[in-house]
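Visitor: Please take a close look at one part of this model. I would like the setting first, then the detail.

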Amino acid sequence: MKALINFFTEIAFYNGSLYLRTKDGNVLTGGIPKPRMILNGNQVSFQLLSSNGDQVGTVGNVYVLALPENSMVVVIQKNIKFPFVLLMLIFVDMAIIIFTSVPLNVRAAIREMKLCIVLIRQKESTQQVERKKVNKSLAFASASHDVRASLAGLIGLTEICNYQVVPG
């Protein structure tokens with residue numbers, strides 16, 4: 001029971017008060033009277049006794065924390081600076097990230113486009129060299145075929161002439 005009372009006394013109420021409502025509808029505003037824990041099966045209830053031992057009421061599991069009207073405003077105003085500073089730091093971090101990553105991405109894209117242009121030019125020059133080589137090979141094959149055909153024609157003519165000419 002002391003642990004329960006210590007729990008309620010250690011809570012920071014911010015100028016508020018703790019009120020207990022008994023099961024019969026009474027609201028206890030003078031603090032927590034002497035409590036007595038009653039175990040009934042698997043339910044726990046508290047009987048509140050006055051200083052002379054008379055039962056004041058039985059408390060179920062209803063807790064109410066009542067705060068004065070202006071106390072929460074003071075708490076919020078006291079604690080608003082830290083979250084505001086954190087929020088501003090987050091905005092500054094986001095701005096730094098955006099203003100550093102965008103130029104880096106633009107530079108990388110420009111570099112990639114330049115490399116693509118160089119690659120396309122290299123491919124074009126390679127294809128041009130390959131076409132020249134193929135054309136040269138075809139020209140050489142065609143010239144060699146023409147030379148062989150002409151030589152074969154000459155050889156054939158000389159052999160025909162040798163048969164037709166009378167020796168001597």
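Guide: The protein chain averages a pLDDT of 76, and 56% of the residues score at least 70. pLDDT is the predictor's confidence in each residue, from 0 to 100. Where pLDDT is low, the predicted coordinates should not be read in detail. This is a predicted model: local features need pLDDT of at least 70, side-chain atom pairs count only at pLDDT 80 or more, and totals for chains, interfaces and linings use all residues. Residues are numbered from 1 along each chain as its sequence is written, and side-chain values use heavy atoms, without hydrogens or water.

The chain holds 3 helices and 6 strands. These are DSSP runs numbered from the N terminus: helices are H or I, at least four residues, and strands are E, at least two. By element, mean pLDDT is lowest in strand β6 (residues 64–66), at 53, and highest in α3, at 91.

Now the part itself. A UniProt annotation, from an unreviewed entry, marks residues 82–104 as "transmembrane region". Such annotations may be inferred rather than shown by experiment; positions follow the numbering used here, and feature names are shortened. That stretch is 100% helix and 0% strand, with its end C-alpha atoms 33 Å apart.

M94 sits in helix α3 (residues 81–164). Its relative accessible area is 45%, so M94 counts as partly exposed. Buried means under 20%, exposed over 50%, and partly exposed in between (1.4 Å probe, protein chains only). Across the chain, buried residues make up 10% of the 168 residues.
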